[in-house]
Amino acid sequence: MPTIQVDDKGTELAYLDTGAPQDTHDYLTIVAIHGMVFCAPVFEKIMKSSADAGVRFVAVNRRDYPGSTPLSEEDLRVLESGTDEERATFLRTQAIQLATFLDRYIQQRNIPAISSDRKTGGILLLGWSLGCTFGLSILSNADVYPEAMRNRLSLYLRSYIMFEPPTVAIGSPRPKQLWSPVIDTTLPENQRSAAFVVWVTSYFKHGDLSTRDTDVISYWIPARSRAPSIFNFTDDEYARAVYMPPGDKSEMLFMFFSEPAIQQTYNKACFDRSVRALFPGLKIWVLSGDVTSPHGIPAFWSMEDDDAKHGGGFIEFRWVPGANHFHFWDEPKYMLTKFLECA
């Protein structure tokens with residue numbers, strides 16, 4: 001995987017890139033930020049569909065994932081036992097590095113900017129699962145970027161899509177019913193991650209989601225209507241896409257001890273008018289499947305409530321019929337269409 005250096009300390013972020021589409025110079029570019037355990041290659045199928053559709057697709061590996069610079073021992077100390085301010089600084093640093101990646105990638109690859117009529121070009125930033133936090137952090141920290149970088153990004157970022165952020169990705173409380181194999185201490189520790197992979201890639205039959213009642217969500221037992229997405233991975237695809245170590249250490253520490261920093265990041269990115277003004281015309285979307293694993297649905301409702309409390313219109317919301325958490329793997333053409341509708 002190629003890399004881009006994102007600071008003066010030699011920190012690098014690795015990425016996959018479909019390359020520029022042929023026979024066009026005003027194409028759209030999607031830049032995707034992965035979630036926990038599943039890294040950039042999880043987007044391989046939708047990357048192929050994007051290339052066939054004349055859309056450039058880039059998937060970046062966050063710190064601690066293959067090809068990118070690992071987190072330091074000091075980073076891990078901050079995540080485990082640091083102060084709230086230290087954890088906020090940690091998240092801000094990740095934001096600056098990801099924003100620098102975008103800025104240098106734009107310049108190195110001559111990516112087309114948004115056209116004057118906003119019909120072509122530009123970047124659709126896509127956060128998925130826990131990766132949504134880091135997309136939000138790119139926006140929320142724009143006021144600390146060098147002016148040239150901030151101005152350049154404002155000419156490129158046309159939409160930010162969050163596909164199924166869990167409650168931990170926005171710092172909102174978890175429903176009392178919410179369960180996950182990775183936090184179930186009744187399961188043998190060495191089997192929790194493997195159980196999580198099957199559970200999170202499953203399809204679920206929920207009750208009437210229009211009630212917005214957490215009791216109608218199916219939390220534990222997947223539906224029999226369709227096999228979990230992980231069963232559609234070959235051994236080689238699984239080996240490329242799944243990287244367990246961060247899920248057992250850094251990601252768990254980040255999720256469960258950084259709630260104040262995550263919540264502040266979410267609120268600032270979405271509802272701070274001064275920050276939103278730095279990206280004129282940028283829309284923020286939240287998409288969720290209606291047969292997906294349960295961890296994202298309460299966050300969808302929570303964000304709807306937050307948007308309403310701020311007067312509405314800050315975030316656009318959309319359900320994706322028939323989709324689960326990995327539908328861009330199972331049905332890449334369908335999900336590409338849903339993402340492009342937000343561009």
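## The largest cavity

Helix H7 makes the greatest contribution to the lining of the largest cavity, supplying three residues. The structure described here is a predicted model. H7 spans residues 192–200, and together with helix H6 (167–170) and H10 belongs to the helices that each supply at least two residues of this lining. The lining comprises 23 residues, and those nearest the centre of the cavity are Pro166, Val168, Phe196, Met255 and His295.

The volume of the largest cavity is about 320 Å³. A search of the whole structure returns two cavities of 30 Å³ or more.

Helix H10 covers residues 250–257 and contains Phe256. Phe256 counts as partly exposed because its relative accessibility is 32%, a value that lies between the 20% limit for buried residues and the 50% limit for exposed ones.

Strand E5, formed by residues 123–128, is mostly covered, with six of its six residues buried. Its side chains are divided between two directions: Ile123, Leu125 and Gly127 point one way, whereas Leu124, Leu126 and Trp128 point the other way, and all are buried.

E5 pairs with strand E3 (residues 29–33) in the parallel sense, over five bridges. Within this pairing, Val31 has Leu125 of E5 as its bridge partner. E5 is also joined by six bridges to strand E6 (residues 157–163), and these two strands likewise run parallel. Here Ile123 is placed opposite Leu157 of E6.

The number of salt bridges in the model is 15. Side chains of opposite charge can pair when their charged atoms come close. One of the pairs consists of Arg77 and Glu74, whose side chains meet at 2.8 Å, N to O. Both residues belong to helix H2 (residues 73–81), and because they are three residues apart, about one helical turn separates them. Glu74 is partly exposed at 44% relative accessibility, and Arg77 is partly exposed with a relative accessible area of 32%.

A salt bridge of 4.0 Å, N to O, connects the side chains of Glu80 and Lys249. Glu80 lies in helix H2 and Lys249 in the loop between helix H9 (245–248) and H10, so this pair ties together parts that are 169 residues apart in sequence. Glu80 is partly exposed, with a relative accessible area of 45%, and Lys249 is partly exposed at 40%.

The side chains of Glu304 and Arg212 form a salt bridge of 3.2 Å, N to O. Glu304 is located in helix H13 (residues 297–309) and Arg212 in the loop between H7 and helix H8 (235–241), so the pair ties together parts that are 92 residues apart in sequence. Glu304 counts as partly exposed at 25% relative accessibility, as does Arg212 at 35%.

## Backbone features and a loop residue

Most residues other than glycine have a negative phi, and most peptide bonds are trans. Asp64, a residue other than glycine, has a positive phi near 85°. Asp64 is placed in the loop between strand E4 (56–60) and H2, and with a relative accessible area of 18% Asp64 is buried. The corresponding limit for buried residues is under 20%.

Ser129 is not a glycine, although its phi is positive, at about 60°. Ser129 is found in the loop between E5 and helix H4 (131–140), and its relative accessible area of 11% makes Ser129 a buried residue.

Val42 occupies the loop between E3 and helix H1 (44–52). Val42 counts as buried, with 0% relative accessibility. Between the C-alpha atoms of Val42 and Met149 the separation is 29 Å, and these residues are 107 residues apart along the chain.

Conventions. Residues numbered from 1 in each chain as written. Predicted model: local features only at pLDDT ≥ 70, side-chain atom pairs only at ≥ 80, totals over all residues. Heavy atoms only, no water. Buried < 20%, exposed > 50% of the residue type's maximum accessible area, 1.4 Å probe, protein only. Helix = DSSP H or I, 4+ residues; strand = E, 2+ residues; numbered from the N terminus. Pairing = 2+ DSSP bridges. 1 Å grid on protein atoms, 1.4 Å probe; cavity = no way out; pocket = protein on both sides within 12 Å on 5 of 7 lines; lining within 4 Å. Points joined across faces, edges and corners; volume = space filled by probe spheres on them.
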